[in-house]
Structures are given as structure tokens and as C-alpha cells.
Amino acid sequence: MGTNAKPKERVYNFNPGPAALPLPVLERVRDELLSFEGTGLSILETSHRSPEYKRVHEGAMAALRRLLRVPDGYEVLFLGGGATLQFAMVALNLLEPGRPGDYLLTGRWSQKALQEAQKALGLLGEGHRVRAIWSSEVTDYDRVPRPDEVRVSPDASYLHYTSNNTIAGTQFHYVPEVPEGVLLVCDASSDIASRPLDLGRFDLIYAGAQKNLGPAGVTVIIASPQALERSRRRARPSLLSYAAVAEKASLLNTPPVFAVYVVKLVAEHYLAEGGLEALAERNEQKARLLYGAIDGSGGFYRGCARPESRSRMNVTFRLPSEGLEAKFVEEAEREGLVGLKGHRSVGGIRASLYNAVPLEAVEALVAFMREFQRRHG
Ligand code: PMP
């Protein structure tokens, strides 16, 4: 069955994460669930030290390396704890005394990243600190900085930013510049693998898999030789050390085996479909269609993000009243369009258009929006 053919019992899924998965991957998981590769065991019941799982683990890393074009010398790591654990691990591994960790505050998740790093300072020695160097909080995180607004001091340990702001619906459409010796760190949880990216410019990218790459349970981390070297210089409990995890190829302890297995299938599926270029083209097409419907509604639907910062992954918009927004979500759900309620902290509507959301889902949403406006506008 092709990606776009939706079986009757399925709905169009606009959830922000955990989110839509490619249908052929779900079908394969179902088909292999009781007996993985003829072993008579489910992958869920298989030892993480078995040859079968070893192939899955290494296969997932290899597929991600190819899909994301991970440069030689960089390591791909699998860890539990979600992106949230990375908020602390970044500081624990990459902060140097006397050199601040600099943060761009472009939404709730980057704010959390800074707060968790602040808490991690208690585990580090004197002289470690983190700070915000730019924020759009006063305008409700309606935009990301322009390139010329990102001014990182050469004294900084690293610059941390969130490439896609899942709640506000904004996204960086460029890679920030950092001075020589300052590491570039990115939380790409909600836009990893959605478009080509020159990973050679980054020192650490992390992403919870549950939006663009697979199920919840595994965080994908890509670390540069410099990031690993910095991590290696200091002793940390093993699971909190990038260098220690890399040394054991992410098999330091039992990894989230099922999540890694699904990530492998998802990455292989996207490679077979044309890789990041094909995904980027389709993601852009979906976003253009939905923003076009918002902008063409005569003000009935109003986008939350400033146009130059609009996200292609999470499209956020408002209706004339909260009452109409509630009705919108409810009626959409009855039409088989689910997951459209905005984040509880901001309200409004949010349509998440991750990799596995087909164009036809967005076409169905846009048709519903026109009809809703006709009845309620
Ligand atoms: N960063 C971003 C950009 C996110 O969207 C999320 C989850 N929505 C997180 C971090 C937190 O991820 P997790 O729940 O995997 O810790």
C-alpha cells in the first residue's frame, strides 16, 4: 500500500508529537511483531546483545548517517530521557569554566533548555554559567532573530538554539554563525530530517524521535569530534557523558530497542522515497498550501508567527474567538482531522505537518477550513 492510501479506520493526524508515522512502516512493524526475521520472537522480546538486535542498532545508525549525511568523525548516539535530558546534558558536557553557555530564547522549549542548564550548574564547579543573549518573549515568541541579531561572544562555551519552535510555530531558516572555538548546539526535535542541513556546521544536534523520526523513547544525538573531546575531558556518570555513550556505541546499557528499531524503518523508508530533498519539497508544499489558506481567508484565520519566521512543521493560527476555536477543533475531529488543538499554554490552533503527514491530509484540512468559514464566518 502506498503512503497516501489511508485505510478506513485511520484518520488524518496533526498531532504535535508523538505524531504521525509512515503507514508502510506501521504495517511492517505489525507484520514483524510476532516473529522478527523468522526468530519466533518479537523484537520486543529479544536481547539487546543478540546478533539480530545488533543488526537493528547498527542499521538504524547507518540509515540515519545516510539520511542526514552525518560527516565522518561525527557520532550518532541513542539515549533515553527525551530532549529534556539533553537540556541538562548539554551544560554538563560542553560548558567550560569562565565561558558562558549562550542561549537564544525563541519559545518555551528554549526557555526550558536554559532553565534545566541552570539547574545543572549545581553539579558543576565554580565559574560555570549560562545566559540568554536574545529573546522574543515580549512579543509572545512570534519570531526568531534575524542573522544580524545573533551576536555570540568568542568567550562563550557554546551557542544553544531551537531550530523549530513547536509551540509558537516559528523556525530558523538559516544556521546561526558562531565565532571560532564556540560550539554550535541545536535542539532540532521538531524539524530534524525535514530538510537538508549542513551538519558540519554543528557540534551537537539532538532530537526526540517522536515527531519526524519515529516513536517516543529514543533521542537521537549527533556529536562532532570537538563536542566529544570536550565531553571526554571531564568525568561524568557514564550515561550523562556523550563520550562514554559514544565509546560503547550507545550500548552502555539496555537501549530503547523498540524505538531504535522503528527509527531504522522510518529512516530507511525516507531514504527509499528520495531522502531529505524529497521530504523538504513535500514539506514546503504542505506548508505553502496551509499558509495560503490562512492568508487567503480575509482575516478569519490569523497566523501567529511573523511571516519570515513561519515554521513548515507546526502551523499556528487563531480564529476570531476562543469559542470558535473550540468548535473548530471539535468539528474537525468529527471529520477525521485530529490533533489540531494548540498547546495548552497558548491556545489557538496548531497543525503539525511532520514528515509522515501526507499532502492529502493538508488538502483535507484546507477544504474543512473553507467550509468552516463559510458556515461560521
Ligand atoms: N524541544 C522541542 C523543540 C520540543 O518540541 C519538545 C517536545 N515537544 C521538547 C524539546 C521536549 O521533548 P521530550 O518530551 O522528548 O523531552
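Reader: How many salt bridges cross the interface of domain 1 and domain 2?

Author: A salt bridge here is a side-chain nitrogen of Lys or Arg within 4 Å of a carboxyl oxygen of Asp or Glu. By that rule, 2 of them cross the interface of domain 1 and domain 2. Asp142 pairs this way with Arg306, with 3.0 Å between the closest N and O atoms. Keep in mind that this is a predicted model, where local features need pLDDT of at least 70, side-chain atom pairs count only at pLDDT 80 or more, and totals for chains, interfaces and linings use all residues. Residues are numbered from 1 along each chain as its sequence is written, and side-chain values use heavy atoms, with hydrogens and water left out.

Reader: Okay, and where does the chain divide into domains?

Author: The bounds come from an automatic or database domain assignment: domain 1 is 28-272 and domain 2 is 275-376. Their centres, taken over C-alpha atoms, lie 27 Å apart.

Reader: How many residues of each domain are in contact?

Author: Contact means heavy atoms within 4.5 Å. Here 28 residues of domain 1 touch 25 residues of domain 2.

Reader: What area do the two domains bury between them?

Author: Buried area is the accessible area (1.4 Å probe) that two parts lose on being put together, summed over both. For this pair that's about 2200 Å², 50% of it on carbon and sulfur atoms. On the domain 1 side, Asp142, Ile167 and Tyr270 lose the most area to domain 2, together 24% of what that side buries.
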